Each structure stands twice: as C-alpha cells, then as structure tokens.
Amino acid sequence: MNKTALVTGGSRGIGAATSRVLAAQGYAVAINYRNNAEAADALCEELSSSGVRCTTVQADVADESQVLVMFDAVEDALGPVTHLVNNAGILEQQMTLADMSPERLQRVFATNVTGTFLCCREAVRRMNAGGAIVNVSSVAAKLGSPGEYVDYAASKAAVDTLTIGLAKEVAGRGIRVNAVRPGVIHTTMHADGGEPERVARVAKVVPMQRGGQPEEVASAIAWLLSDDASYITGTLLDVSGGR
Ligand code: NAP
C-alpha cells in the first residue's frame with residue numbers, strides 16, 4: 001500500500017521533524033501550514049530534492065471548509081491520506097485564567113480542539129482501507145499549566161479524550177488512533193507564550209534534566225504510525241523525559 005502522511009503544522013518545530021522522519025521512512029508527505037508558506041516550501045523543497053513525494057497545503061485546521069479542501073488537495077497530489085498526524089497547535093501569552101478573554105479561549109480551542117476533531121473526522125471518513133492517526137497532545141493535559149496557560153492544558157486534555165474515544169469507534173475498521181504527549185521541547189512555540197527560554201527554566205524539574213528535541217517526539221510519532229505498533233490503539237504516550 002502507498003503510504004501518504006498528512007502532517008498538520010508540518011512545516012516547523014515538531015511537525016517539521018515528523019515530516020522529515022516520515023519522508024525518510026518512505027511515506028509521501030503532505031505538509032500543512034497556516035501562515036508561513038516560506039517554511040513549508042523550504043521543507044518541501046528539501047524533501048523533494050532527495051526524491052520524496054511531497055506537497056504543501058495551506059489550511060487553517062479550525063475551519064471546516066479549509067479542512068475539506070486540504071484533504072481533497074492532498075488526495076489529488078499524493079493519493080488518499082493513509083496516515084494523519086494532528087500536530088498543529090497553539091498557545092498564547094502566559095497568564096492566569098483570571099485574565100483570559102473569551103476571544104483567546106476561542107482561538108486556543110478552535111485550533112487545538114476543533115481543528116484536531118475536524119481532521120480526525122475527515123480522515124476516518126476517508127480511510128476505507130484502514131489507517132493510523134497520531135494526535136499531538138501534551139503533558140500539560142495532566143499537569144494543568146497553572147499560571148501559564150490552563151486553556152492550552154485543557155485543550156490537550158480534550159485531545160486525549162478524543163484519542164481514547166475515537167480509537168474505540170474505529171478499531172473495527174482497521175484504523176488506529178493514538179497520541180503522544182510531549183514535555184518541554186526545543187521549538188519556537190515557547191516564544192508565543194512570552195518566554196523564549198522556557199525550556200531551559202523547566203528543564204530543571206524534568207527528571208532527565210533537559211528539554212527534548214523535536215526529533216525525539218517525531219520518532220515516537222513515526223513508531224505509533226508504523227506497523228510495529230500494530231496492536232496499539234487508544235494509547236497516550238508521554239515523551240517528556242519522565243515528567
Ligand atoms: P510550532 O513550532 O509553534 O509550530 C506550529 C505549527 O503549527 C506551524 O507549522 C504552524 O503553521 C502550525 N499551525 C498553527 N496553527 C495552525 C492552524 N490553525 N492550522 C494549521 N496549522 C497551524 O509548534 P511546536 O512546538 O512544534 O508544537 C507542535 C505541537 O506539539 C503542538 O500541538 C503543541 O501543542 C505540541 N506540543 C509542543 C510542546 C513544546 O514544548 N514545543 C510540548 C507539548 C506539546 P505556520 O508555520 O503557518 O504558523
């Protein structure tokens with residue numbers, strides 16, 4: 001079977017590392033992004049130059065019509081999506097819940113929750129010959145992220161519950177659904193929260209005493225997608241240095 005992976009937010013950070021490892025493992029790779037076409041194009045060029053079938057697809061995963069167009073575009077370019085990585089996610093400025101506006105809550109939940117739900121829905125509607133999905137959650141789902149972003153943490157808890165429920169819904173159709181829960185990982189996402197050096201600060205309370213690299217999350221995602229994980233579904237795999 002031809003393997004076609006769609007990686008949402010596949011152009012930067014953990015998503016880019018995932019796109020690279022899947023490309024190296026023989027998948028055709030569709031790199032989704034929202035705004036930064038330059039990063040997506042550069043990565044696609046890099047992968048294509050080593051012979052990988054690759055395409056970029058702009059879409060806001062929080063918007064149903066854009067998600068439908070994205071799946072159609074990937075299918076036209078590379079064939080039906082057989083593997084989906086729901087990696088696109090956002091957080092906003094660190095603050096307590098007392099200061100959070102309803103607009104912010106809507107933005108965070110729209111991308112992290114609605115976006116993941118819509119992409120999962122579209123994938124399982126189309127995966128008629130089986131498939132695999134990995135959702136990128138966070139250890140924040142169990143830690144709660146007090147004083148930083150409890151909205152983000154709660155959105156990831158929703159992703160965990162979606163993973164458990166959907167896995168049971170579609171197991172009989174040969175579709176596996178799992179999640180990874182990264183800890184602090186070296187990406188630029190922390191700057192969006194207003195603390196670019198957050199990984200160095202939090203690393204002190206990580207049992208392994210360091211932040212993780214995007215590649216360390218990517219290899220866990222690739223393993224869960226692969227046939228090596230053929231009897232695993234509905235699992236939440238922490239990739240967090242013991243935190
Ligand atoms: P990142 O470096 O900020 O990259 C985010 C990616 O998501 C970018 O490709 C971005 O596209 C895309 N994106 C954001 N909103 C989108 C939307 N609505 N529709 C489509 N694409 C969208 O993030 P990261 O640190 O790699 O995080 C990736 C995932 O891991 C997220 O789900 C995050 O919550 C999770 N995670 C990260 C950490 C960590 O420490 N970094 C820890 C736990 C979990 P543009 O380039 O166009 O902006």
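Predicted model: local features only at pLDDT ≥ 70, side-chain atom pairs only at ≥ 80, totals over all residues.

Now apply the cut-off. Helix α1 covers residues 13-24, and helix α2 covers residues 37-49. They pack at an angle of about 15°, and their axes lie 11 Å apart. Therefore α1 and α2 are roughly parallel to each other. The crossing of α1 past α2 is right-handed. Which residues of α1 and α2 make the contact? From α1 come Ala 16, Ser 19, Arg 20 and Ala 23. From α2 come Leu 43, Glu 46 and Leu 47. Sorted by class, this contact has 4 nonpolar, 1 polar and 2 charged residues.

Stay on α2 for a moment. Ala 42 also sits in this helix. Is Ala 42 buried, exposed or partly exposed? Its relative accessibility is 46%, so Ala 42 counts as partly exposed. Ala 42 and Arg 125 are 83 residues apart in sequence. In space, their C-alpha atoms are 31 Å apart.

What holds strands together? Strands of a sheet pair through backbone hydrogen bonds, either parallel or antiparallel.

Look at β1, which spans residues 4-7. With strand β2 (residues 28-33), β1 pairs in the parallel sense over 4 bridges. There, Leu 6 has Ala 30 as its bridge partner in β2. With strand β4 (residues 83-86), β1 again pairs in the parallel sense, over 3 bridges. Here the bridge partner of Val 7 is Val 85 of β4.

Follow the side chains of β1 too. In a regular strand the side chains alternate between the two faces of the sheet. Thr 4 and Leu 6 point one way from β1. Ala 5 and Val 7 point the other way. All four are buried.

Now see what else α6 packs against. It meets α4 at an angle of about 15°, with the two axes 9 Å apart. That makes α4 roughly parallel to α6. Their crossing is right-handed. Contact residues of α4 include Leu 105, Val 108, Phe 109 and Phe 117. Among those of α6 are Tyr 152, Ala 158, Leu 162 and Leu 166. By class, the contact has 14 nonpolar, 3 polar and 3 charged residues.

Helix α4 (residues 102-126) also packs with helix α3 (residues 64-78). This time the angle is about 40°, and the axes are 10 Å apart. Therefore α3 and α4 are oblique to each other. Their crossing is right-handed. Among the contact residues are Val 67, Phe 71 and Glu 75 of α3, and Leu 118, Arg 121 and Arg 126 of α4. By class, there are 7 nonpolar, no polar and 6 charged residues.

Finish with two loop residues. Ser 145 is found in the loop between α5 (140-143) and α6. Its phi is positive, about 50°, although Ser 145 is not a glycine. At 8% relative accessibility, Ser 145 counts as buried. Gln 209 is found in the loop between α8 (198-203) and α9. Its phi is near 65°, a positive value in a residue other than glycine. At 55% relative accessibility, Gln 209 counts as exposed.

Definitions and conventions:
Residues numbered from 1 in each chain as written. Heavy atoms only, no water. Axes fitted to C-alpha atoms, helices over the stretch in contact; angles between N-to-C directions. Parallel < 35°, antiparallel > 145°, perpendicular 65-115°, else oblique. Left-handed = near helix turned anticlockwise from the far one by under 90°. Contact = heavy atoms within 4.5 Å. Nonpolar A, V, L, I, M, F, W, Y, C, P; charged D, E, K, R; others polar. Pairing = 2+ DSSP bridges. Buried < 20%, exposed > 50% of the residue type's maximum accessible area, 1.4 Å probe, protein only.
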